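Biologist: I am new to this one. Please show me the model, then take my questions.

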Amino acid sequence: MSTKFLGLVVRNVFKSQEQCQRLTRVGFCTKTSDTSEEFSVQYLEDGAIAVFNLNRPAARNAISKSLMTKLRDALHTVRFDNNLRALIIRSLVPGAFCAGADLKERATMKPQEVGPFVASLRGSLSDIANLPIPTIVALDGTAVGGGLEMALACDIRIAAETTKMGLVETKLAIIPGGGGTQRLTRVVGPSLAKELIFTGRIIDGIQAKEIGLVNHAVPQNDSNDAAFQRSVELAKEIAPQGPIALKMAKLAINQGNEVDLESALKFEETCYAQTIPTKDRMEGLMAFKEKRPPVYKGH
């Protein structure tokens, strides 16, 4: 992997774009989100943390064309939000995170429409994976098929101990098509991934934690949002860190994971170099010297 190529990939993180129209910001402390919407965005910590809410109760948040379009539009917007430090994806539907693709809608599609839909879904989940900010998914309810694939596209997964999850596509005579065969393998290893996909097995949050599928498994609470509450705590830990450092750390890990160690170390060096000339790095040094919390601005 050439140094020139590494530099090109790093610079892509900082691509400028005309100001995107911001999504309506609905803060937990200011207004209540319209829970009738199938998809909504909320912000915490003065806009440092974005929360994507899935809310299709009748379909258990199954991914329809409409929901996918709204998800992609929201991802495009937050990608260029310089105030943002972390994203959380959650469900507002008790007991369900996402039931995968909307099979009722799928049944109405012509065979030639299925491929493009799955490709679009795969692209949307890749958009999540490629966001420059840390992403956390809160699994307070069942995540199967495309729902688990969405979770796998996030950097960090937090589940309630009772949450059920699995890639069940082989039960429908298909295979995971939203990146599940690849991302699950990278998370738990090929042997476990094969076992889970071949059998279509459903496991709970505790089992998922044991095999490394989720970072944390927490006891569910009476509000059925224990995973979300833990996700917010974690996002608040992340938010104060240097935003450029977070972007570069994520880029180095993601790209380095795909290549040999020597190439990965060169990539780390290139990513580290992007932090050296930043004002945030100097702010971190001054804050340490003055024994105060740093105030990072992302430049």
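**Salt bridges and packing**

Modeller: The structure holds 12 salt bridges, each a side-chain nitrogen of Lys or Arg within 4 Å of a carboxyl oxygen of Asp or Glu. This is a predicted model: local features need pLDDT of at least 70, side-chain atom pairs 80 or more, while totals for chains, interfaces and linings use all residues. Residues count from 1 along each chain as its sequence is written, and side-chain values use heavy atoms, without hydrogens and water.

Biologist: Which residue meets Glu45 in a salt bridge?

Modeller: Glu45 sits in the loop between strand E1 (39–44) and strand E2 (49–54). Its partner is 191 residues apart, in helix H9 (residues 226–238). Helices (H or I, at least four residues) and strands (E, at least two) are DSSP runs, numbered from the N terminus. The N to O distance is 3.7 Å, and the partner is Lys236.

Biologist: Are H10 and H11 roughly parallel or roughly antiparallel?

Modeller: Helix H10 (residues 243–256) and helix H11 (residues 261–275) pack with axes 9 Å apart, at about 170°. Axes are lines fitted to C-alpha atoms over the stretch in contact (heavy atoms within 4.5 Å), and angles run from 0 to 180 degrees between N-to-C directions. Under 35 degrees counts as roughly parallel, over 145 as roughly antiparallel, 65 to 115 as roughly perpendicular, the rest as oblique. H10 and H11 are therefore roughly antiparallel.
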